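Hello,

Here is the structure I promised to pass on. Please have a look, then read my notes below.

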Amino acid sequence: MNVHELSRADARRIAVRAQRLDRSRPADLLDTVRRLTLLQLDPIAAVAPSADLVAWSRLGMAYSPGMLDSALEKRTLIELRAIIRPSEDIALYRADMADWPGRGDLRGGQKRERDWVRANDACRRTILDRLDRSGPVPSRELPDTCAVPWASTGWTNNRNVTRLLEFMLLRGEVAVAGRKGRQRLWDLAERVYPADPVVPAVEAARVRAERRLRALGIARAVAPESPVEPMHVSEAGEPAVVEGVKGTWRVDPAYLGGAFEGRAALLSPFDRLVHDRKRLAELFEFEYQLEMYKPVAQRRWGYFALPILYGDRLVGKLDATADRKGGVLRVDAIHWDADLGAEMVAEVNREIEGLAQWLGLDLALPG
């Protein structure tokens, strides 16, 4: 198989098109999530919840948060480990659930988790019985009859029911049936997940890698470990090299040679276009960190700065906060990484105005 030779601009345009951030917008929310494969949930909503920001970046004013709530209620989309996925994709994870905590030789942490669940089997069965009779319910309504407490040096210490539910989720026994505010509602998996045939583990891993590459456009076969959703694509797609970047990539051939027409977009810090910081630096030559965990004095771009995309380049960061009580989207600064012409700046400004309009807030600019 030939190795495709790409310029950095080629690679960036493939990534932008794959993430549905070019001028050709997707048709609806379900189509968007199917193409992206996921929406990541995160409680931080300095501007808006990340899942809503990602959807708005693609769909624009055609999107409202009620669409996501409706899709979750109808279960065309399903939450799995704080990730929203198309319901039909759950079948790609059921084989791994059946083999929890893993296949082959287990690591120390896997053995510990397996043994702890076994030690609390009576509590597990009590939870299943309670859910069978009265689910869906929040975790606080489930009894803690664990014989062995969960020990941790972190925030999960002695949070027995919450921890046990997480392991039961990984085992495919329970599922998140919805949310009441930020509280997850738990139910039996058989009442939440579609009754689609389980895809065998090896085939499921291959399909997941292929879909991941379709969503990313271009990625490494091997990438840094990432919890819940990997960034690598194994042997999916075809090999490629990118001019000026070391190593071999994998590219989805469907994006090769296609026309590209870009636009301005404001991205969530958790957007998949910027999520892999190493790929971000290699292809986009863009420096970015989410700074909300840094002391104020050490922040360069802001608490929840939104990366700014223009065409196939990431050109800056928007430091903005939604002041809902005050009724304004407060823009504290725009940190530009590139010199843009007046027309380009005007398009970015229109996107900022559109964000305020979508949020139902007035726009308050710096100065």
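Predicted model: local features only at pLDDT ≥ 70, side-chain atom pairs only at ≥ 80, totals over all residues.

**Helix packing and one buried serine**

The crossing of α3 past α13 is right-handed.

Which residues meet there? From α3 come D52, L53 and W56. From α13 come E351, G354, L355 and W358. By class, the contact of α3 with α13 has four nonpolar residues, one polar and two charged.

Stay on α3 for a moment. S57 sits in this helix. Is S57 buried or exposed? S57 counts as buried, because its relative accessibility is 0% and the cut-off for buried is under 20%. Leaving aside residues up to four places away in sequence, S57 touches L21, R25, R263, L266 and L267.

Helix α1 (residues 8-18) packs against helix α10 (residues 201-216) at an angle of about 110°. Their axes are 6 Å apart. That angle makes α1 roughly perpendicular to α10. On the α1 side, I14, A15 and A18 make the contact. On the α10 side, R214, A215 and L216 do. By class, this contact of α1 with α10 has five nonpolar residues, no polar ones and one charged.

Best wishes

Notes:
Residues numbered from 1 in each chain as written. Heavy atoms only, no water. Helix = DSSP H or I, 4+ residues; strand = E, 2+ residues; numbered from the N terminus. Buried < 20%, exposed > 50% of the residue type's maximum accessible area, 1.4 Å probe, protein only. Contact = heavy atoms within 4.5 Å. Left-handed = near helix turned anticlockwise from the far one by under 90°. Nonpolar A, V, L, I, M, F, W, Y, C, P; charged D, E, K, R; others polar. Axes fitted to C-alpha atoms, helices over the stretch in contact; angles between N-to-C directions. Parallel < 35°, antiparallel > 145°, perpendicular 65-115°, else oblique.
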